[in-house]
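Here is a short briefing to read with the structure open beside you. It starts with the whole chain and then visits a few places one by one.

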Amino acid sequence: MYKNTDSFYTYVIIVFLGLAMIQMKNIGTYQSGTSPAITENDIMDHIRYLSHEDRAGRYPGTRQSKDVISYLIHQFKSYGIEPGGKNGSFVQPFNITDGIELGNDNSMSIMGDSLIAGRDYLPLWFSGNQVVSASAVFAGYGFSIDEEDLKWQDYSGLDVAGKWAIVMRNAPERNNQHSLYTPYSGLHKKMLVAREKGAIGIIFVSQIEDDGVYPLKYFGGYSNAGIPAVHISNEIADKLFRPTGWSRENIQKTMNRSLETVSFELSTTISVSVDLKLIQTRAANVVGIIESGNRKYRNEYVVLGAHFDHLGKGGAGTGSRKPDTAMIHNGADDNASGTSGLLEIAQKLVSQKSRLRRSIVLIGFDAEEKGLLGSKYFVENPLVDLNNIVTMINLDMIGRMTDSVLTVGGVGTSPLFEDMLSNISIGRDFSLNMTKQGYGPSDHAPFYSKDIPVLFFFSGYHDEYHTPEDTWRLINLKGEKDILDFVYDISFELSRISERPVFTVSGPKEGRINNNTNFKVTFGIVPSYGSTKKGLEVDGISREDGPAAKAGMLKGDVIKLIEGKPVNDLYEYMDRLKELEPGMTITVLVDRNGTEIELLVTF
């Protein structure tokens, strides 16, 4: 113990203040360096806060995500940046669908015997909410395949109209990813086939390799507008089949050996009530603005954006590359690095406000990892006139530069960009890899779809991408600072130059819907991935000379039928697309502002 009382209290105060400063830093209320210069220390301070274990992976809608939103707002305010949202707010809130759960009216019975949800059965995520009671027919694997190199008709000779179709999951070659059966073996695809054959509902039974009931998980893009679809446990399936003389094992072995169907009627009545509820959560973009004082140019904008969300604790359906590992995915490079860059450039730009001609809009996007939801919401609900956005600059994964190479995408979206980037890059400690295409799997894509020039800055993928190992310790600080100095100079130049970048189309305005799917034809449209409408809403025309454009399809049309077959969501659209061939002319029914119009589309 200190003998000197004054010294002791001085010591206590020093310790208390030190602990308080540490606590303030942990909760994100500290202010970074007051100097407008972009520094490695400030870059790392932001990254360490954003990717800290306490942020729990920044999953949209969570308390930790709200902490990050508060952190961004605090930084913007400390720099003197004005709110860019409505009513003087930095926040642009929006709802996202983030889950699915059982409602109050779920039940299933077989010949009057009640089953227990979760143990004996569960509805599947795409099931329709209906009450159905009917007899049942077992229809093999549920295939209806008539291709030149593969034929399998499980419904041949079967009358399933108004009945339950019971089918086996997977396919004869379940462990062969390159099997010819793979495109037909998905649960949703089998539901569509059963519905087209007239079935009133579909029940899935497992192969002998599988245990338990298929868990109820949410997958975005499905409309839950199909027929009731449930999966029953092995015990219930065995009990159901026992009176027929068949077992799951015999059925599976017979079909896999003969490569022919097994089908039979079941003399039983099955009653099901399905009640599924979508879970909504609240996300938010953070928007600030540096308003120029120049009367001629201040109503034109350079947008600088980066997404701040990540994968939370990972798991199936999150995009984690280790879906079986339930650990915090810190996301230091993806995208604490880009968010840190947004803050550092913002601070330097506001210090030069008097020299800016165009205004700067700064956006921290939420829910990028869930399908660019934040940036899509912004372009559909813009806080400034989209026609006055001269360029959108996107920072995503800029913290792991290797071999002194920086990739810049979107260079072809304006004739101005290539020379500008080349000139500003002279004398830098890195070389540029410039790619022309405007579309990319990040938040600049929705802006490009609105005919806005874009630049996408990216330091490259790595083994830690979308894993728990993406931590601050692996950040290349010098490399990121070099990138941010470069992006600052570009942002400043775009704000200053008299010539406005002219937009040019550079590649498609949509990505491949599914990297494992090869379509023989394309409509030439941009599907609306976030639409809540029943059908496939057209978010834009990606090819002015494409089949859809020639047929007169417009942005905002909702595709309801293709060749008389219903299209309830994105995945049904993809299934219909797989059936089409070059040279075909088909009918497409669209809903245009409440009026149904039939179009002839030629591929």
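## The overall picture

In this protein, 79% of the contacts with a separation of 6 or more are between residues 24 or more positions apart. Please keep in mind that this is a predicted model. Its secondary structure comes to 13 helices and 25 strands, and the C-alpha trace spans about 90 × 75 × 45 Å along its principal axes. Of the 603 residues, 53% are buried.

**The open sheet**

- An open sheet is built from 8 strands, and its order reads β4-β3-β12-β6-β9-β10-β11-β5, with mixed pairing.
- At its edges are β4 (113–114) and β5 (121–123), each of which pairs on one side only.
- Within this sheet, β10 (residues 201–205) and β11 (residues 229–232) run parallel and are joined by 3 bridges.
- To find this pairing on screen, look for Ile203, whose bridge partner in β11 is Val230.
- Helix α4 (residues 187–196) lies across β9 (164–168) and β10, and runs at about 140° to β10.

**The loop between β10 and β11**

- Gly226 sits in the loop that links β10 and β11.
- Is Gly226 buried or exposed? Gly226 has a relative accessible area of 5%, so it counts as buried.
- Leaving aside neighbours within four places in sequence, the contacts of Gly226 are Phe126, Gly128, Gln130, Met191 and Arg195.
- Gly226 and Asn170 are 56 residues apart along the chain, and 20 Å separates their C-alpha atoms.

**Two nonpolar cores**

- As background, nonpolar side chains in soluble globular proteins tend to be buried together.
- The largest nonpolar core here has 60 residues, and Leu395, Phe457 and Ile490 have the most contacts inside it.
- Which helix gives the most to this core? That is α11 (residues 477–496), which supplies 9 residues.
- A second, separate core has 37 residues, including Trp152, Ile166, Ala171 and Val205.

- Trp152, one of the residues of the second core, is found in strand β8 (residues 151–153).
- Trp152 counts as buried because its relative accessibility is 4%, and the cut-off for buried is under 20%.
- What does Trp152 touch, apart from its neighbours within four places in sequence? Its contacts are Tyr141, Phe143, Ser144, Ile145, Pro172, Tyr181, Met255, Leu259, Glu260 and Thr261.
- One of these, Thr261, is 109 residues away along the chain, yet the C-alpha atoms of Trp152 and Thr261 are separated by 7.6 Å.
- The side chain of Trp152 also makes a polar contact of 2.9 Å with the side chain of Asp154.

**Helix α6**

- Helix α6 (residues 248–258) has Arg248, Ile251, Gln252 and Met255 among its residues, and these four are buried.
- They lie on the same side of α6, because they cover an arc of only 95° around the axis.
- The elements covering the buried residues of α6 include β6 (131–139), β8, β9, α5 (234–241) and β12 (263–273).
- Met255 of α6 is also one of the contacts of Trp152.
- Just after α6 comes Leu259, which takes a positive phi of about 55°.

**Ser414 in its loop**

- Ser414 belongs to the loop between β17 (405–409) and α9 (417–424).
- With a relative accessible area of 3%, Ser414 is buried.
- Its contacts, leaving aside neighbours within four places in sequence, are Pro453, Pro501, Val502 and Thr504.

**Strand β21 and its partners**

- How many of the 6 residues of β21 (residues 536–541) are buried? The count is 5, and the strand is mostly covered.
- Strand β20 (residues 525–527) runs antiparallel to β21, and 3 bridges join them.
- In this pairing, Val538 of β21 stands opposite Pro527.
- β21 also pairs with β22 (residues 558–562), in the antiparallel sense, over 2 bridges.
- There, Glu537 has Val558 in β22 as its bridge partner.

Technical notes: Residues numbered from 1 in each chain as written. Predicted model: local features only at pLDDT ≥ 70, side-chain atom pairs only at ≥ 80, totals over all residues. Heavy atoms only, no water. Buried < 20%, exposed > 50% of the residue type's maximum accessible area, 1.4 Å probe, protein only. Contact = heavy atoms within 4.5 Å. Polar contact = N/O pair within 3.5 Å; in protein donor to acceptor, adjacent residues only side chain to side chain. Pairing = 2+ DSSP bridges. Axes fitted to C-alpha atoms, helices over the stretch in contact; angles between N-to-C directions. Core = buried A, V, L, I, M, F, W, Y, C linked by side-chain atoms within 4.5 Å. Arc of directions from axis to C-beta.
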